[in-house]
Amino acid sequence: MLKFDRRLISHLDWLLLLLTLMLLGIGVMAVYSATYQSGHRLSPWATRQLSWAALGLIGMFAAFAIDYRRLENWAYVLYGLSLVLLVLVPVLGSSGGGARRWIGLGFFSVQPSELAKVTLLLVLARDFHRYAPPQGYSLRELIYPAILVAIPAGLVLAEPNLGTAMVLGLLFVSLVFAAGVRLRSFTLAALAGGGVLPLLWHHMKPYQKQRVLSFLNPDSDPLGAGYHMIQSKITVGSGMLWGKGFLQGTQNRLDFLPEKHTDFVFAVVAEEWGFIGTLVLLALYCALLMRLLVIAGKARDRFSALVAVGVAIIVFWQLLINIGMNLGMLPVVGVPLPLLSYGGSSLLTVLIALGLALNVSTRRLLF
Amino acid sequence: MLESHSTLRPRESPPSFAPRLGVIALLILLTFAILVSRLWRLQVQEGENLRSLSENNRLRLKRTPPLRGVVYDRQGRVLVDNRPSFNVVLVPEDAPDVRATLHALSDYVPDTTVVRGETLPHNPRRPSYEGVVLAKDVAWSTLVAVEAHQVDIPGVDVEVSTKRQYPPAGLAAHLLGYVGEVNSREMSLFPGYRLGDLIGKFGIEKKWEAELRGQGGGQQIEVDATGKRLRVLGEVEARAGKSLLLTLDRDLQQKAEAALEGREGAIVVLDVHTGDVLAMASRPVFDPNVFARGIKLDEWHSLLADPLHPLSNRAIQGQYPPGSTFKVLMAAAALEKGVITPATRFSCSGGLPFGNHVFHCWKKGGHGSLDLQQAIAQSCDVYFYQVGQRLGINSIAEYARRFGLGQPLGIALDHEAGGVIPDPAWKKEVLNTPWFAGETLSVVIGQGYVTVTPLQMAVVAATIANGGTVYRPRVVRQVTDDESGTVKEYEPEVINKVGLKPETVQLVQAGMRDVVNSPTGTGKKAQLPDILVAGKTGTSQVIAGTRGKGKTLPRQYRDHAWFIAFAPADNPEVAVACLLEHAGEGGGAAAAPVVRQVLADYFALTRGEKPEHAQVRPKVDITS
């Protein structure tokens with residue numbers, strides 16, 4: 001069994017934990033409201049979200065309790081396990097909306113693509129820690145880590161799950177930047193990335209292409225994705241300054257919003273709590289991200305610093321893609337809003353990631 | 001270097017790390033500023049406007065289902081079409097008092113789905129602007145009544161939709177199939193379907209769903225609080241489905257079904273040079289129009305519970321022992337393998353002892369000495385027992401498979417059965433017992449484990465007729481996209497060339513001609529006065545030892561009657577297979593007259609009218 005050091009409590013990063021719990025609470029409330037039906041006390045979604053949150057907090061504690069140096073040693077094992085799960089998805093997986101993403105585990109099912117975010121972060125941080133040239137990475141030195149990313153990203157893209165594959169790619173690029181890279185390599189990599197885009201487009205499913213097209217020109221598909229985008233904007237805007245009040249969102253009630261408890265949960269919050277509410281929500285997220293960067297700055301070693309930055313990166317990109325979509329600034333891509341969107345795997349993953357940050361933050365004073 | 005891995009780590013922070021963290025923090029703050037400014041614009045600057053859009057409700061999505069493709073016969077005559085259908089709907093949002101409206105409505109619409117005095121079933125997932133269907137496919141008089149009393153029943157509206165219209169009396173019902181509302185399993189399998197959409201459930205409607213369906217359209221409209229349309233914000237026009245031109249001939253199909261009337265069984269008529277399915281009938285039948293208007297649960301259950309299985313397409317789903325029709329294959333195989341020659345004679349005394357068992361001929365007294373042509377004409381079992389012994393089970397199975405038996409032919413319809421061509425490997429795998437030599441004797445006369453579908457036997461007849469080419473039976477000749485004007489043609493497709501010598505073909509054809517035309521032939525009832533017909537009878541036993549018991553047996557034990565044929569015998573163009581399930585009579589007595597009728601009708605239709613019958617292109621005309 002693990003020996004539990006009492007100092008872990010006294011050095012605990014209470015601020016990070018508090019911010020996490022507050023956002024989690026807002027999330028359960030938003031899911032509750034999004035799926036609320038008059039006459040029913042608790043919607044099954046809200047109840048399930050609560051139990052997922054409980055499970056996630058256990059996961060967070062586990063990620064916190066195991067010494068991160070041990071996690072660094074296990075990084076490849078965990079990474080390998082998540083690859084095995086990803087490979088199993090097409091075999092054992094169950095599908096939803098035209099894509100196979102879930103693996104059933106008896107009473108619940110998980111999306112291995114979500115867990116892959118954390119395991120990928122661990123191996124990348126480990127590699128960037130083990131090898132750190134003072135003048136930054138050259139392009140050649142990035143080939144190996146790029147392969148580490150390409151394998152899970154390719155598997156996820158094949159599911160198909162464009163959103164998560166994109167997050168994996170963005171995590172890599174951002175982490176490379178944080179770890180230090182020669183300017184020349186960065187520019188070249190950016191150019192190469194630009195070259196990949198047409199390829200990516202070629203491999204996208206028709207519904208994915210349609211989403212991108214309808215973002216670029218909402219009138220091209222006023223019935224499908226364009227409709228979602230217009231409705232989402234109306235929902236957000238109709239909240240005005242003070243919002244319509246908890247459970248009072250009419251857009252939400254009338255089912256104008258698709259996927260309102262998952263991808264469009266932000267719009268539900270915006271409608272019911274208005275500009276003031278979204279401002280508070282964004283402030284909480286901002287504080288969380290800044291706290292993660294501070295943790296990275298104070299971290300004892302490069303591995304833990306990179307883990308903390310990586311967690312911030314994952315949360316940031318998902319938040320940007322999701323909220324951008326809710327505000328009609330980015331195409332409709334299914335990326336959940338960290339800590340708020342309904343969905344067990346995403347919640348579990350974010351909480352485990354934050355558990356790692358807590359781990360890093362707390363242990364820096366212990367040795 | 002860095003590989004030195006100690007438990008105590010130095011506090012390493014490459015000098016450039018902190019500034020990059022600063023850059024990241026700055027980028028994040030910048031992004032948040034953009035998000036906040038966007039929120040400010042949407043919620044504060046445009047808030048008023050968007051709020052009123054959300055309140056006046058605003059944007060509605062009105063879907064227009066696509067017009068399903070029309071199905072034509074080979075001459076361009078309509079088989080399946082669409083007809084307008086009127087539904088009475090209630091838009092709850094537009095009704096000030098739903099209860100009162102419903103109450104008033106029951107005076108005009110006799111049977112709505114909502115009983116008088118009740119209110120609408122609660123469905124939280126349905127937006128209140130969306131109409132609830134109260135009565136489907138109402139009569140004209142009801143429609144007029146509702147339109148005339150619009151003021152008394154606010155919120156009630158009439159919705160026009162289309163319903164599938166199938167030919168009357170279940171014509172080609174098994175082939176055409178039917179549509180129904182999509183179920184949850186189909187929705188998870190095929191994305192893009194919504195609750196209430198129609199989807200092909202059976203037959204051509206199912207197999208050609210992707211072509212027939214078309215693409216739904218819709219309008220995004222802005223309406224005011226009373227539901228009045230203010231303006232159309234966006235529109236996507238529905239695209240009608242593609243139309244199909246079948247190989248089927250409507251008239252011949254009608255005749256074939258008439259010939260089967262009152263019996264259970266199937267008839268397949270093929271063009272021997274293309275594999276075109278000219279007619280495919282199966283009895284008993286159902287009425288697909290019942291499905292088109294929405295089948296009631298008790299109707300569905302009684303269809304399912306019917307012991308005669310009217311939903312099953314016997315022509316492709318029914319698997320029966322081929323009986324003596326199998327002998328034409330065996331004759332061809334024996335000649336090709338060289339185990340006999342056309343001159344080889346065997347003597348039939350009414351039975352052949354084999355092991356400690358006597359294998360009987362259907363003719364008690366025996367046929368005496370005959371050659372192969374006579375053995376086919378008189379369907380002598382003993383002759384073919386000898387042939388079977390010389391061929392051996394593996395050669396028998398090899399040739400049967402070359403003719404397309406033992407596996408589905410790949411007709412473009414669902415649920416096609418493949419039948420069984422047994423051999424030692426098959427028996428080992430399925431029954432886990434070794435092959436007994438005596439079983440070969442059952443197989444050679446089309447009994448034992450052998451089963452085939454009527455379609456497969458029609459293909460066998462066509463293959464003998466055309467000299468050895470196995471065509472994939474074709475039901476759809478052409479797919480036409482009327483919106484874009486493109487036409488896709490389906491060419492005849494050769495599955496296999498059996499590889500028959502001309503002498504083999506000639507002799508088997510001669511034997512089959514004698515079946516119908518020789519005084520001793522078993523299929524004389526198929527004779528036509530002006531056209532030379534070639535055929536083969538078959539009587540397949542359902543249980544052992546009932547040969548000749550006829551109609552005294554309970555139905556399920558009675559023999560099946562077979563007749564396969566092609567004509568004209570000297571220049572074949574058409575092949576027919578007919579199976580009568582549990583006919584209780586032999587193929588010559590029961591099935592041959594049916595085939596005679598179908599062939600007579602075929603020649604009356606083709607010879608009587610235009611000679612270029614098969615070349616006529618359809619006139620496509622869709623009224624939308």
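D251(B) is buried, its relative accessible area being 17%. This residue belongs to a predicted model, in which 30 salt bridges are counted over all chains.

**Chain A**

- The secondary structure of chain A consists of 14 helices together with three strands.
- Chain A has 367 residues, of which 59% are buried, and its exposed surface comes to about 14600 Å², with carbon and sulfur atoms supplying 70% of that area.
- When contacts in chain A between residues at least 6 apart in sequence are considered, 74% of them join residues at least 24 apart.

**Chain B**

- In chain B the secondary structure comprises 20 helices and 23 strands.
- Buried residues account for 53% of the 624 residues of chain B, while the accessible surface of this chain is about 27900 Å², of which 54% belongs to carbon and sulfur atoms.
- Of the contacts in chain B between residues at least 6 apart in sequence, 70% join residues at least 24 apart.

**The salt bridge between E209(B) and R68(B)**

- E209(B) and R68(B) form a salt bridge in which the closest N and O atoms are 2.8 Å apart.
- This pair links distant parts of the chain, since E209(B) lies in helix α8 (residues 209-213) of chain B and R68(B) in the loop between β1 (59-64) and β2 (71-72) of chain B, 141 residues apart.
- E209(B) counts as buried because its relative accessibility is 8%, under the cut-off of 20%, and R68(B), at 7% relative accessibility, likewise counts as buried.

**The salt bridge between R401(B) and D423(B)**

- R401(B) forms a salt bridge with D423(B), and the closest N and O atoms of the two are 3.3 Å apart.
- R401(B) is located in helix α15 (residues 381-402) of chain B and D423(B) in the loop between α15 and α16 (424-430) of chain B, so the pair ties together parts that are 22 residues apart in sequence.
- R401(B) counts as partly exposed, at 33% relative accessibility, whereas D423(B) is buried, with a relative accessible area of 10%.

**The network around D251(B)**

- Salt bridges with shared partners join D73(B), R77(B), D249(B), R250(B) and D251(B) into one network.
- Within chain B, R250(B) forms a salt bridge with D251(B), the closest N and O atoms being 3.9 Å apart.

How values were computed:
Residues numbered from 1 in each chain as written. Chains lettered and ligands numbered in written order. Predicted model: local features only at pLDDT ≥ 70, side-chain atom pairs only at ≥ 80, totals over all residues. Heavy atoms only, no water. Helix = DSSP H or I, 4+ residues; strand = E, 2+ residues; numbered from the N terminus. Buried < 20%, exposed > 50% of the residue type's maximum accessible area, 1.4 Å probe, protein only. Contact = heavy atoms within 4.5 Å. Areas by Shrake-Rupley, 256 points an atom, 1.4 Å probe, with all protein chains shown as cover. Salt bridge = Lys/Arg side-chain N within 4 Å of Asp/Glu carboxyl O.
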